[in-house]
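Please consult the sequence and structure shown here while reading.

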Amino acid sequence: MYDFYSDTKTKPTAAMRKTVLTAEVGDEQEGEDPTTTALCARVADLLGKDGAVFLPSGTMCNEIAIRVHIRPGEEVICERSCHIVNFEGGAPAVLSGAMIKALDGDRGTLQPGQLKSAISTGSRYTPRSRMLCVEQTANMAGGAVWPLDQIRAVCTVAKDAGLATHMDGARLMNAVVQSGRSASEWCAGYDSCWIDFSKGLGAPVGAVLAGSHDFIDHAWAVKQQLGGAMRQSGILAAMCLQGPSRRKTGRRSCISQIHF
Ligand SMILES: Cc1ncc(COP(=O)(O)O)c(C=O)c1O
């Protein structure tokens, strides 16, 4: 029986389970877990960023990024169907005091002109736009892939207006497979981005958030506040590093294309 309800239903492979037995571990909070450190270095390199931090979930990646990028009362601009609006329990408001400006997009994507008209410089009355959040792929649009020039163009509009830019890359690796473009090409220009190992990558737990050294220092401080700092997390990181098994069918499925 196969359950295709969601890519979150994948279970760790035998190889993933076995790798745990020999994984080197240490105290992650102290930077002493070599397997977690290796995973973070691997993802930072993959996404073309200075550094990365291991987190228990994609939700925590989004919420930490929002907390780092904005101050209470400032505005996050995103497409209306995205995860931070609909599935994170109002956490942007609870954890960061964020205003959300949700725009109607096309299959989860926004146009640069539309973003430009939505950006507010702030006033006594109006919240200041401070951050753009894009979702690649767009989950509620059935996994729609933003075109590369469009995701770059909205990033440029946001940067020109002084906004921080964040990519929810829960399923970024699907876009990599679909497009043949590297993950770092997709993330270029974005201040923060992340991938989720418990989606099509098959691991039971774990997501990695990447950005500049300064961003990661701040992200670590928030991770600590939220109780997301771990101990022997190499047990989990080893399964993420192992990645899904190579399939011998020759079919172009996402899982068979991605090797970590
Ligand atoms: C687009 C998107 N972002 C974020 C998340 C949150 O990830 P997690 O379940 O690891 O918290 C999901 C989960 O399905 C998602 O689809």
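At roughly what angle do the axes of helix H3 and helix H10 cross?

## Basis of the report

This is a predicted model, in which local features need pLDDT of at least 70, side-chain atom pairs count only at pLDDT 80 or more, and totals for chains, interfaces and linings use all residues. Residues are numbered from 1 along each chain as its sequence is written, and side-chain values use heavy atoms, with hydrogens and water left out.

## Helices H3 and H10

The axes of H3 (residues 58-69) and H10 (residues 213-225) cross at roughly 115 degrees and come within 9 Å. Helices (H or I, at least four residues) and strands (E, at least two) are DSSP runs numbered from the N terminus. Axes are lines fitted to C-alpha atoms, for helices over the stretch in contact, and angles run from 0 to 180 degrees between N-to-C directions.

The crossing of H3 and H10 is right-handed; a crossing is so called if the near helix is turned clockwise from the far one by less than a right angle, and left-handed if anticlockwise. H3 contributes Ile64, Ala65, Arg67, Val68 and His69 to the contact, and H10 contributes Phe215, His218, Ala219, Val222, Lys223 and Gln225. Contact means heavy atoms within 4.5 Å. By class, six nonpolar, three polar and two charged residues take part in the contact of H3 with H10. Ala, Val, Leu, Ile, Met, Phe, Trp, Tyr, Cys and Pro count as nonpolar, Asp, Glu, Lys and Arg as charged, and the others, Gly among them, as polar.

## Helix H11 and its partners

Helix H2 (residues 34-47) packs with helix H11 (residues 234-242) at about 40 degrees, the axes being 8 Å apart. H2 and H11 are therefore oblique to each other (angles under 35 degrees count as roughly parallel, over 145 as roughly antiparallel, 65 to 115 as roughly perpendicular and the rest as oblique). Their crossing, H2 with H11, is left-handed. Thr35, Thr36, Ala38, Leu39 and Arg42 of H2 meet Gly234, Ala237, Ala238, Cys240 and Leu241 of H11; by class, these are six nonpolar, three polar and one charged residues.

Helix H1 (residues 14-22) also packs with H11, at about 140 degrees and with axes 8 Å apart, which makes H1 oblique to H11. The crossing of H1 and H11 is right-handed. Ala15, Met16, Thr19 and Val20 of H1 meet Ile235, Ala238, Met239 and Gln242 of H11, a contact with six nonpolar, two polar and no charged residues.

## Backbone and ring features

Most residues other than glycine have a negative phi, and most peptide bonds are trans. Arg107, not a glycine, has a positive phi of about 50 degrees and lies in the loop between strand S3 (99-103) and helix H6 (112-118). Gln136 and Thr137 are joined by a cis peptide bond, with omega about 0 degrees; Thr137 belongs to the loop between strand S4 (129-135) and helix H7 (148-160).

The charged end of Lys223 sits over the ring of Trp220, 4.5 Å from its centre (NZ of Lys or CZ of Arg within 6 Å of the ring centre and within 35 degrees of the ring normal).
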